Amino acid sequence: RSLLFAPGDDEKKMKKAGGIGADSVILDLEDSVSDSRKDLARDLVCSFIENIKSSCVEYYVRINPVDSKHHHQDLEQVVASSPAGIVLPKCSGGAEVKMICQKIQELENKYSIAVGRTAILPVATETAAAVFTLGTYAGASMRTSGLTWGAEDLGAAVGASVNLNSDKSWTSPYEMVRALCLFGAHAAEVPAIDTVMADFRDLAQLRIVCDKARQDGFTGKMAIHPAQVEIINNAFTPSENEVAHAQRVLEAFNSNPEAGTLQLDGKMIDKPHIVQSQRIIKLAESIAAKSEN
Ligand code: COA
Ligand code: MG
C-alpha cells in the first residue's frame, strides 16, 4: 500500500522511515540527492541495507537512471547489498526492464545472492517517449513488482508550467498518463502504484486522492513524508463493509453454482463482481497476514 521515500544521504530520515508503518521504504539515490553527494549516499544506503537484521518493511533503492553516469555503480553496489528491489526511474519501457533484469542476474550470481531476489519497480512515465511504451511491460521480467508513474520529471521534459488544476486535480495530460500507467500495470499483471503528492501538508486532499486512486484500481501510493503513510495505508485497505459485501457476493454464487447472474440488494451481479470480490478478499487476507507478522 504505502512506499515511503527517504533521501539516501540523510541517515536520520532513512532510520526513521522504517518505523512509520510504511509497507515499503524507498531509499533514494536519484533526484533527492545532489550530484556532489551521490557517492556518499550510495555508500550510506548500501551499508544501511546490509545492516538490517530483520524487518517487516521492504527496502527498495531508487538508483539513478540508465543514461546517468552514476547508474552502473549504483546498480552493482545496490544489488550486492541485497535490497528487496530497485526502483528504476525514467524507465523507457519493457525492453529496458529486460536488459536491467539480465544485469541484475549477473550481479546476483557474482555476489552469491539468490537469483530472482531483487525486484524491479519501474517509474514508467518520466519522459515523453516513455508514455508510448506503457503497454510493453507485460512479460518483460518476473522481477517487475509493480508499475508507477511520475508527473514532475515529465512536466519538466515537456516544459509544462503546471501539472495541477486549481482544485489540485491533475491537468488532462497527467490524468491521461496516470490512466495509461494504471492499464499498463494491469496488462502486465502487476500492482499499479500511484505517484507521490508533493504538497505533504494537505492531508485532506491526500485522502481524496487516495480514495480516488483505489477506486480506479491502484493498490498503493508512494509517499514523501511520514504524515502521509497512515492515510495511504487506510485508503488502500479494504473496509469491513467492503469485505462483508465481497463475501456476500461470493456466497450468493456459491449457493447458486449454476447461475451466471444474480441479484443482491436489488442490483445485478455477474462475473466481474465475482472477480472484484475475490480481489478484495485476497487483498484483505494479505494485509491481515502482514499485520500478524
Ligand atoms: N522519511 C523519514 N523521516 C522524515 C521524512 C521522510 N521522507 N520526511 C520528514 N521526516 C522527518 C523529519 O526528519 C522530522 O523528524 P524529527 O521530528 O525527528 O526532526 C519529521 O519527519 C517532520 O518533518 P518535517 O519538519 O515536517 O519536514 P522536513 O522539512 O524535515 O522535510 C521534506 C520535508 C520534503 C524535505 C522531507 O519530507 C523529505 O525529505 N521527503 C523525502 C524526499 C524524497 O525522498 N524525494 C524523492 C522522491 S520524490
Ligand atoms: Mg524525479
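Ligand 1 takes up the space of the second largest pocket. To count as sitting there, more than half of its atoms must lie within 2 Å of the pocket's grid points. A pocket here is found on a 1 Å grid over the protein atoms alone: it is an open set of points where a 1.4 Å probe fits, with protein on both sides within 12 Å along at least five of seven lines, and its lining residues have an atom within 4 Å of a point. Keep in mind that this is a predicted model, where local features need pLDDT of at least 70 and side-chain atom pairs count only at pLDDT 80 or more, while totals for chains, interfaces and linings use all residues. Residues are numbered from 1 along each chain as its sequence is written, chains are lettered from A and ligands numbered from 1 in the order written, and side-chain values use heavy atoms, with hydrogens and water left out.

So who surrounds the ligand? There are 16 residues around ligand 1, and Phe-5, Lys-12, Lys-13, Ile-224 and His-225 come nearest. (A residue is near if one of its heavy atoms lies within 4 Å.) Sorted by class, this shell has eight nonpolar, two polar and six charged residues. In this sorting, Ala, Val, Leu, Ile, Met, Phe, Trp, Tyr, Cys and Pro are nonpolar, Asp, Glu, Lys and Arg are charged, and the others, Gly among them, are polar. Strand E1 (2–7) and helix H1 (11–17) each give the shell at least two residues; helices (H or I, at least four residues) and strands (E, at least two) are DSSP runs, numbered from the N terminus.

Now for the polar contacts, meaning pairs of N or O atoms within 3.5 Å. A polar backbone atom of Phe-5 is 2.7 Å from a nitrogen atom of ligand 1. Taken alone, ligand 1 exposes 890 Å², and the protein buries 64% of that (areas by the Shrake-Rupley method with a 1.4 Å probe).

What is the volume of the largest pocket? About 1,300 Å³. Its lining has 39 residues, and Pro-191, Phe-218, Thr-219, Gly-220 and Leu-283 lie nearest the centre. Among the elements giving two or more residues to this lining are E1, strand E3 (58–62) and helix H10 (271–292). The largest share, twelve residues, comes from H10.

How values were computed: Polar contact = N/O pair within 3.5 Å; in protein donor to acceptor, adjacent residues only side chain to side chain. Points joined across faces, edges and corners; volume = space filled by probe spheres on them.
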